[in-house]
There are 2 protein chains.
Amino acid sequence: MILTVTLNAALDITHHLDRMRPHGSNRVRAVAQRAGGKGVNVARILHALGHPTVVTGLTGGLTGRAIRAELASAGLADRMLAIAGESRRTVAVVEEDAGDTTILLEPGPVVGVGEWARFLDHLDTLLPHAAAAVLSGSLPRGVPEDAYAHLLRLAHAHGVPAVLDADGTALSTALAAGPALVKPNAEELATATGLADPVAAARRLRAAGAGAVVASLGADGLVAVTPHGGWRARSPERLAGNPTGAGDAAVAALTLGLVGGEPWPDRLAEAVALSAAAVAAPLAGDFDPALHHALRSRVDVHPFATEESDPCP
Amino acid sequence: MILTVTLNAALDITHHLDRMRPHGSNRVRAVAQRAGGKGVNVARILHALGHPTVVTGLTGGLTGRAIRAELASAGLADRMLAIAGESRRTVAVVEEDAGDTTILLEPGPVVGVGEWARFLDHLDTLLPHAAAAVLSGSLPRGVPEDAYAHLLRLAHAHGVPAVLDADGTALSTALAAGPALVKPNAEELATATGLADPVAAARRLRAAGAGAVVASLGADGLVAVTPHGGWRARSPERLAGNPTGAGDAAVAALTLGLVGGEPWPDRLAEAVALSAAAVAAPLAGDFDPALHHALRSRVDVHPFATEESDPCP
């Protein structure tokens, strides 16, 4: 099975209305809610593709119970660890008339030192059953800023390859612990390295310890810098829709490619197709199966020369 | 005790941030949540004034559990009836920089026919202990549109006077059942009667069955049309702040005046002072006790002639 870790799991609430009047009182027409956080989205996609998945991370309070109730009703195997704090909510206000969305992100719980120690023990019991681990998303307050380095070392001790989707300090402090793959987006990559060129920036992350780097560049597709070479991959069609969750779909595809030992061009084609199919679906963690199927053989994948020398000292 | 009924109880969530970017992703700085709905706000004020209060109504799901957990931590006596549907949330997005608030109101649960029948039985067991009943706020889907008429007849059967704060059909269908007092705001009053003049409109509601009518006119204070005459009452100072909950504070004061058999000018002075003190407090259901105390002797209350003949046929 593939184990996904979501340390700052969320209850994702969607409010549908025709138009939101800022500074007014707005009646919401319809409400949807589901478990969220990037790792949960990845697990939902893997599950929909028929791959055994286990969801872990930290949840607490009545919001945590709502998260777990939804995981159960979605059929996702839930091994979340309960904490005392109240899990965060996200509220997405979707305006049908404007075709646009306003997102509110609560800060989430503060995790206690003892809770973090218990989570490491808990993960230690799950890793022996995992073919790969996916570590995704922001860190809740209270966990160490190098939390992902701890989790990567634990995965390493069990011989489990790990995929990391994080940014800022959570990413930079984790590289030396050797993630098999990191998947920043363009902005995260530039922030992490100070380099505008994604290829140069991806090389820098590899030099810092990442096994492979696949950067998601929105409509420009993916750029991969790997031990086996460099590739650019891009969808044959530009799709309108909901970009939230497109990165999670890419992570799901890349993790499956890692576990299966697929050639890199195939992994990247699959990641681009699944990302595009996720953009076409209204909720993060969903994708359009017909579009996924139609696109996977049509993705442009081109190699490029990767001299592994970093241009900066 | 005073029994407050909140059929569409809510979990009121407040998101504090510096500025909300519509159609952007916004990190919330701080989150607060408490039980809400107009009847709960009234009960909170009565409780803060030291008067025994019992909260009833309908709550369901994990949001309902969060509502009840907060009622317990606030020390409010909770006799809510549990239903299968999920209680609604309201989200108030407070922008500290703009000094303004955007409110999102979820529609709330659909109440089953059997659940409504059980609520009538439940209320029947609570009314014998009540000195007055307060029926406040919107009706959840699934309850009959004349729900408040049912509750008023039940209160009447127990000899319990009832105060009604509702609008639209919920108000118009309830008048014939004889509420002791109704408290519409200016807009609700105009909508209910089609009359622009609050005094003429209040007389119309009395003619339709309300014992007394006190209309809240925002900064213009209160207008009362009662069996003992008519009064206008107004704060000596115009206060800036949060108008949500000011009407609930007026209802709390008017209900206490009803139970105590106070002279109308005293009831109205107290209602104006408590409303103004509620405007000065950041959350609905709270009030500024020092301001309440300072204002109560300084409210302008003036009688006016009430010829009880309705100008319209």
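This is a predicted model: local features need pLDDT of at least 70, side-chain atom pairs count only at pLDDT 80 or more; totals for chains, interfaces and linings use all residues.
Residues are numbered from 1 along each chain as its sequence is written, chains are lettered from A and ligands numbered from 1 in the order in which they are written, and side-chain values use heavy atoms, with hydrogens and water left out.

**The two chains**

Display chains A and B together. The same surface serves both copies, since 100% of the contact residues of chain A recur in chain B.

**The interface**

Next, select the residues in contact (heavy atoms within 4.5 Å): 32 residues of chain A meet 32 residues of chain B. Between them the chains bury about 2700 Å², of which 58% is on carbon and sulfur atoms; buried area here is the accessible area (1.4 Å probe) that two parts lose on being put together, summed over both. Now highlight A:His23, A:Leu104 and A:Leu105, which supply 23% of the area that chain A buries against chain B, more than any other three residues. A search for salt bridges across this interface (a side-chain nitrogen of Lys or Arg within 4 Å of a carboxyl oxygen of Asp or Glu) finds 0.

**Aromatic pairs in helix H3**

Move to A:Trp116 and A:Phe119. Their rings form a stacked pair, 6.0 Å centre to centre with 25° between the planes (ring centres of Phe, Tyr or Trp, the last by its six-membered ring, within 6.5 Å; planes under 30 degrees apart are stacked, over 60 edge-to-face, the rest tilted). Because they are 3 residues apart in helix H3 (residues 113-126) of chain A, about one helical turn separates them; helices are DSSP runs of H or I with at least four residues, numbered from the N terminus. Both A:Trp116 and A:Phe119 are buried (under 20% relative accessible area, 1.4 Å probe, protein chains only).

**Charges over rings**

Finally, select A:Arg232, which lies over the face of A:Phe304 at 5.6 Å from the ring centre (CZ of Arg or NZ of Lys within 6 Å of the ring centre and within 35 degrees of the ring normal). In chain B, select B:Arg267, placed over the face of B:Trp264 at 4.3 Å from the ring centre.

Notes. Helices (H or I, at least four residues) and strands (E, at least two) are DSSP runs, numbered from the N terminus. Buried means under 20% relative accessible area, exposed over 50%, partly exposed in between (1.4 Å probe, protein chains only).
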